[in-house]
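Hello,

Here is the structure I promised to pass on to you. Please open it alongside this email, and then read on for what I found in it.

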Amino acid sequence: MRFDDDAGLDTSEVQDMRGSGGGGGGGGLGGRVALGGGGLGVVGLVIYFLLSQFGGVPTGGSGVSGGLGLGDVGSGQQVDNASLSQECKTGKDANSKHDCAIVATVNSIQDFWSQQFARSGQTYSKAPTRFFSGGIRTGCGSATSDVGPFYCPADSDVYIDLSFFKELQTRFGAKGGPFPEAYVLAHEYGHHVQNLKGDSRKGGGSGPTSGSVRLELQADCYAGVWANHASTTPTETGKPLITDITKEDIAAALDTASRIGDDYIQTKLGGGSVDQSKFTHGTSAQREKWFTAGYQTGDPARCDTFGARNLG
């Protein structure tokens, strides 16, 4: 995935709170996060409710993991949007700096949904992505990095500790790269779309046909819809921010989807057996199927997981 070198970036859609002291307190969730349907993102619910049963809920460090090109944020250090806006000005910055690539991806996703809503005579309300390190206080309660990326319906914000992307590779064995990360973010914004449409309330419960599974698979499908349009969605300049998405990018996103299915996590990272009654996100095959459905059709109407008799 590459960005147009000359495209401008809007850093106001990202709030960099790393080192800001807004953490969620001591280790573990402790039941403090109370999110609406689909609130926790790609792996949040799975990691906490499944891995915790077998011991070994992953812990997020106070700094950003190495190898991501983000720089380390030490305890007590302040990182704010002023520095981010100086660092991330154009697509050229996004092609060379990881945090700028995240900004550009968020811009692209929200540009698409703004235009998609407008075509339907609706208004899309933009939601910021908040970078944090270690822990954060949200409208849904306090959370730590343990929960992975998540969307909070109460304040309509996306939250992510960027060290998660390293965790995705080291713990889950997923391929790295900008596009799998874009898939994660597009999934979270899929939850924002659900919230704006009033569909978040449909989520809930657990099990292979539960509302929670249907909500998560729909968010995967919405991520695929964005991917279909990403290289053709114009910015304010009239040109797309993303210039190229390759077959390898899509393959890497599907690889990530395959490693965050309930069955994969229970088998590979849990106790070795599958308990469908605890499914909250769908199987690996289902997650691949619904992302692919969105990507191949580019049509949000094809993402009706709640009306589907067969989820895959």
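**Strands first**

β6 and β7 form a hairpin with four residues between them, and S156 in the turn has a positive phi of about 55°. Strands here are DSSP runs of E with at least two residues, helices are runs of H or I with at least four residues, and both are numbered from the N terminus. Before going further, please note that this is a predicted model, in which local features need pLDDT of at least 70, side-chain atom pairs count only at pLDDT 80 or more, and totals for chains, interfaces and linings use all residues. Residues are numbered from 1 along each chain as its sequence is written, and side-chain values use heavy atoms, with hydrogens and water left out.

Strand β6 (residues 150-152) pairs with β7 in the antiparallel sense over three bridges; two strands pair if DSSP finds at least two bridges between them. C152 stands opposite D157 in β7. On another side of the story, strand β3 (residues 129-131) runs parallel to β7, joined by three bridges, and R130 stands opposite Y159. Within β7 (residues 157-160), D157 and Y159 point one way while V158 and I160 point the other way, and all are buried (under 20% relative accessible area; exposed is over 50% and partly exposed is in between, with a 1.4 Å probe and protein chains only).

There is also a hairpin from β4 to β5 through two residues. These strands, β4 (residues 135-138) and β5 (residues 141-144), pair in the antiparallel sense over four bridges, and T138 has G141 as its bridge partner.

**Now the helices**

How far apart are the end C-alpha atoms of helix α8 (residues 247-258)? They are 16 Å apart, which agrees with the 16 Å that its 12 residues should span at 1.5 Å a residue, because the expected span is 1.5 Å times one less than the number of residues. Nine of the 12 residues of α8 are buried, including D249, I250 and L254. Among the elements covering these buried residues are α5 (164-170), α6 (178-197) and α10 (284-297).

K289 lies in helix α10 and is partly exposed, with a relative accessible area of 36%. Leaving aside its neighbours within four places in sequence, K289 is in contact (heavy atoms within 4.5 Å) with N310, L311 and G312. The C-alpha atoms of K289 and G224 are separated by 10.0 Å, although the two are 65 residues apart along the chain.

Enjoy exploring!
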